[in-house]
There are 2 protein chains.
Amino acid sequence: MTVDPARIWTAALLIIGDEILSGRTQDANLAYLAKWLGVQGIRLREVRVVADDMAAIGDAVNALRTAHDYLFTTGGIGPTHDDITVDAIAAALGVPVIIHPDARAILAGYYGDKLTDARLRMARTPEGASLIENPRTKAPGIRVGNVFIMAGVPSITQGMLAALDGQLQGGAPVQSRTVAAWTQESAAAATLAAVEKAHPGAQIGSYPFWREGRTGANFVIRATDAELLADVAAALMTALRDIGIEPVDGEL
Amino acid sequence: MTVDPARIWTAALLIIGDEILSGRTQDANLAYLAKWLGVQGIRLREVRVVADDMAAIGDAVNALRTAHDYLFTTGGIGPTHDDITVDAIAAALGVPVIIHPDARAILAGYYGDKLTDARLRMARTPEGASLIENPRTKAPGIRVGNVFIMAGVPSITQGMLAALDGQLQGGAPVQSRTVAAWTQESAAAATLAAVEKAHPGAQIGSYPFWREGRTGANFVIRATDAELLADVAAALMTALRDIGIEPVDGEL
């Protein structure tokens, strides 16, 4: 097998939990994972949020793991009755749930003779899984095929991602650069479209904001090639000046 | 047609935008919409995040609008080339995009003789749509069938939701009540499961946290019936005391 340097590697995230869908908890894993994946040269292409429901989790897992190179899940791997992620993913994959011997050993080392049935739930994995180290609270994450099962608590998930750093195959990281201006984005719309069209391989996103009683916009250029990125930034700044908008090289 | 008071009304949210998937922007619409829907007696059941891509938006719109009573979208309705939500949704519905006469009139009143082609993009809707008032920046939201097309900027979306307050048919709102304790959630796991099982119609979610060097957990009870909610809270507090865990009536 040869590696194609232009191949684009994609990932999806499945966020599992009633607490997100009720609005009680603000998700903080999406943005962190997106940036972490970017560094690995993997693009986050789709995210779904579903309830603590076997069928909803299973359907989403099967749709996303087959459509992308990697699927990450967050939430539902604790010791309580509402933690059903492992069961739902095992069912979706058509494999049984087992007590993983290494996970049992990790928990036994941590809890000693207080390793109750509830705590032992955190050693359950789909059959055929390997473990992801959890430096924060010991109960490990789980890798099964291209599915990475992580915690819902952000500090725990971030520790698990640190353990995976550099371990996944990826492509060229997407880099970004921002040009900004105190302008209504509509005044720059035709210019943005023309500059993007003249530079295949680069995308320009326009993100308006309102601050200090004024209107501004950040124009975010994205490309995998650093030289192309610099060319687009220069071309965009020139084109904005040509229509009387004074740009800033960087984010406002 | 008779109204079934026990009918559950469900909604989905589709968040559209490369800036969310790249991790550049932290979404702030999910939690707000979830709470707003809760007040209307509608349950947010699924959320997806997709890129600024016609096919990805269209596929998600058709999957979600047919699976739920309501579909809300956020993002991609501005004046720039990367704002393709209206085109993607019209294509998914199989209807043309038109310039909505009322939207054109609103923008003409706001921009006067500065109503450029770029700004007129914000008057485009799928054929057959009605408008949702935008008190913040005028360019309206769009309702077409059971799809509600909103802005990406949270303050604008919140204004649009205020305009929709009380307008949508819903059922009994889900209420919640929290019992908490300074305990590892695993110590309460069997108790939580038993109390939930003894009270059909109520769900208990367990959300651990680590603060001030201590471990705690919030146990969130959800039900549509206020009396049931109070019964479950009382039963849970008694059951926790029975196993030596001192509960707090409320969130920690």
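This is a predicted model: local features need pLDDT of at least 70, side-chain atom pairs count only at pLDDT 80 or more; totals for chains, interfaces and linings use all residues.

Colleague: What makes strand β3 (residues 70–74) of chain B and β8(B) a pair?

Modeller: Two strands pair if at least two bridges are found between them, and β3(B) and β8(B) are joined in the parallel sense over 4 bridges, so they meet that cut-off.

Colleague: Which way do the residues of strand β8 (residues 147–150) of chain B point, and are they buried or exposed?

Modeller: B:Val147 and B:Ile149 point one way, B:Phe148 and B:Met150 point the other way, and all are buried. The word buried asks for 20 or more other C-beta atoms within 10 Å, and in chain A 48% of the 252 residues count as buried.

Colleague: Why is A:Lys138 called partly exposed?

Modeller: A:Lys138 has 15 other C-beta atoms within 10 Å, and because buried needs 20 or more and exposed needs 12 or fewer, a count in between is called partly exposed. A:Lys138 is placed in the loop between β6 (130–132) and β7 (141–144) of chain A, and A:Lys138 has a positive phi of about 75 degrees although it is not a glycine. Most residues other than glycine have a negative phi. In chain B, B:Lys138 lies in the loop between β6 (130–132) and β7, its phi is near 75 degrees, a positive value, and B:Lys138 is partly exposed, with 15 other C-beta atoms within 10 Å.

Colleague: How do you know that α8(A) and α9(A) are roughly antiparallel to each other?

Modeller: Two packed helices are described by the angle between their axes and the distance between the axes. Helix α8 (residues 185–197) and helix α9 (residues 226–242) of chain A pack at an angle of about 150 degrees, with their axes 10 Å apart. Angles over 145 degrees count as roughly antiparallel, and α8(A) and α9(A) are therefore roughly antiparallel. Among the residues that make the contact are A:Ala188 and A:Val195 of α8(A) and A:Val232 and A:Leu240 of α9(A), and by class the contact has 8 nonpolar, 1 polar and no charged residues.

Colleague: How many residues of chain A are in contact with chain B, and of what classes are they?

Modeller: In chain A, 40 residues are in contact with 40 residues of chain B. The elements that give two or more residues to this side of chain A include α2 (29–40), β2 (42–50) and β10 (203–211), and by class the side has 18 nonpolar, 11 polar and 11 charged residues.

Colleague: What makes β2(A) and strand β2 (residues 42–50) of chain B a pair?

Modeller: They run antiparallel and are joined by 5 bridges, and because at least two bridges are needed, these strands of chains A and B count as a pair.

How values were computed. Residues are numbered from 1 along each chain as its sequence is written. Chains are lettered from A and ligands numbered from 1 in the order in which they are written. Axes are lines fitted to C-alpha atoms, for helices over the stretch in contact, and angles run from 0 to 180 degrees between N-to-C directions. Angles under 35 degrees count as roughly parallel, over 145 as roughly antiparallel, 65 to 115 as roughly perpendicular and the rest as oblique. Two residues are in contact if their C-beta atoms, placed from the backbone, lie within 7 Å. Ala, Val, Leu, Ile, Met, Phe, Trp, Tyr, Cys and Pro count as nonpolar, Asp, Glu, Lys and Arg as charged, and the others, Gly among them, as polar.
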